[in-house]
Amino acid sequence: MVAGLVPVLLAALSLTPIFAIQQTPPSAPPAAAVFEIELPEFGLAPSAQGEIVINSPDANLIVLHVLRPHADVIDYDKIGASVNGQAAGLLTEIANGPRGKIVRVSLKRYPGYGLVAGRNTVEIHARNRRGREFYASFVLRTVTENRNQNFAYQVAIKDPKQQVPPELVLLEPEREIVLPSGARSHKARFAGVATAAGSVTQVTINGEPVALKRGTQVTLRGLGLVNESNRVSFDTFYTVAAGATQLVIEAKDSAGNSTQLVVPVRQSKEETPTFTGKKYALIVGISKFGNHAGGLYDLKYADADALALNKFLQTPAGGRFPAANILLLTNEQATLARLQQAMASFVTQAGPDDLILIFLATHGSPDPFAPQNLYFLTHDTNVDRMPETAFSMKDFQRLLGSNVRSRRMVLLVDTCHSAGLTGSRGEVSRGIINNLINLYAEKLLYQEEGKAVITSSDVNETAQESPKWGGGHGVFTHFLLEGMRGLADSNSDQAVTVGELFRFVRQRVRGATEFRQNPRMLVGTNENLALAAVPPGAAK
């Protein structure tokens, strides 16, 4: 079984929207907004603010404004909008208004367009009669963004004077608990936080109280919870008996209010799939860039990430990738032409029953002059000419779809949003303004069964790198490697699957970055596909 286990990691794109190019001198006044967003149901007036917090995802209407004077030379049919990466043309009605043109997006007109708990993106683009393009993106964050859609929640209010129930966030597990096949019981880890307007009196698992940490004992911060100053945390193990169908986690406050969270439990009927085909890997790490004009800065550890993964894949635990089947490109080797050639020829070597791994550690960014266009940056990228010198995500998608024949692929997309400044503790960000790279990495690169996409962070978040992670790595790749070496084997079956790896990496990255970086995943049919073998007796 060990010999058949292989990391299936297609595209750890350690991307990084990185720089913001100023098209006007610093002393020039800021350009007037072309677009604004309005949410009348939440009482939010028109605003050009890029990120807005809303009470819930239960919105029926989003109103976008195209402002004068630009609106006067923009025709109706040259205006388009998207919600969470999906074109919203069928949902929109456009009319004239006192300040320009008004675009009404009716979210409930068709299924699949509603907002979700968490982060939502709204984009609008327009072209005037002279051919000039305009674009803006807005991020709508719900106050319930920490609620996990895999769980059911129930709130009970006992005190009419205190209508705010406790808030309960379960950090682990992050999905249903699957008992190993044939097991009579399973010890599962439960970690999370709770807050209340007064104080949290207890947290229970199926009625059994768990130990709580309070005050200075609580080291995690930055979740953005209501009443966060009154937060408690817990981290414990609970034995789940065979035959259980659910577990109830409950938080109660001093007013008697409570919030329950229901975690489904099921018995596994599936064996961990093994892999017996050939294995190929394209591994790219770019820390040094040839052209630093326009704000492009070097990374510190992207090449180290690539080198470490290359070394691991050739070990027994990593699947024994033959060296001849790995194409490693770092720094000066990773030009646009070389990467395009690799995506056009090297990846075609993997047949339908083989495995292909593509790991790309570099910057990723919108074109600063046309931010609706997204790119992976190569060693020879000129940020003033990104269409000609950077790897377009759409081109990457096209080459992926036309040249990769393998039915087993996993894309690891490590992107961010930031100005790339060194933090107070030495972290460097791999990342720019309302960064939607990760959203579109999922939308464009996730294609069909057999393919999975794992991104390093959520919309508008920063992917970080620092010497404190493994002596010098991106935090995402550091925990990716740690998980594949065995720490992600949650059911102790000596194999690390795609699902196990993602949940391990997500949990560790969130904790290490104080919840400023939250990985995302679309797994397709690869949830139970083994990525790595765990040597017997490996430390957990």
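Helices here are DSSP runs of H or I with at least four residues, strands are runs of E with at least two, and both are numbered from the N terminus. The expected span of a helix is 1.5 Å times one less than its number of residues. Residues are numbered from 1 along each chain as its sequence is written. The model you are looking at is predicted, so local features need pLDDT of at least 70 and side-chain atom pairs count only at pLDDT 80 or more, while totals for chains, interfaces and linings use all residues; side-chain values use heavy atoms, with hydrogens and water left out.

Let us start with helix 7, which covers residues 498-512. From first C-alpha to last, its 15 residues reach 21 Å, close to the 21 Å expected.

Now turn to helix 1, residues 302-313. Its 12 residues should span 16 Å, and the end C-alpha atoms are 17 Å apart, which agrees. Helix 1 is mostly covered, with 9 of the 12 residues buried, including Ala302, Asp305, Leu309 and Phe312.

The loop between strand 22 (279-285) and helix 1 holds glycine 290. Is this glycine buried or exposed? Its relative accessibility is 54%, so glycine 290 counts as exposed.

Finally, look for the aromatic rings. Rings of Phe, Tyr and Trp (its six-membered ring) pair if their centres lie within 6.5 Å; planes under 30 degrees apart count as stacked, over 60 as edge-to-face and the rest as tilted. By this rule there are 4 aromatic pairs. In one of them, phenylalanine 376 and phenylalanine 396 have ring centres 5.3 Å apart and planes at 80 degrees, so the pair is edge-to-face. Because phenylalanine 376 lies in strand 26 (residues 370-376) and phenylalanine 396 in helix 4 (residues 393-403), the pair ties together parts that are 20 residues apart in sequence. Phenylalanine 391 and phenylalanine 396 are also edge-to-face, with centres 5.6 Å apart and planes at 70 degrees. Phe376, Phe391 and Phe396 form one aromatic cluster.

Technical notes:
Buried < 20%, exposed > 50% of the residue type's maximum accessible area, 1.4 Å probe, protein only.
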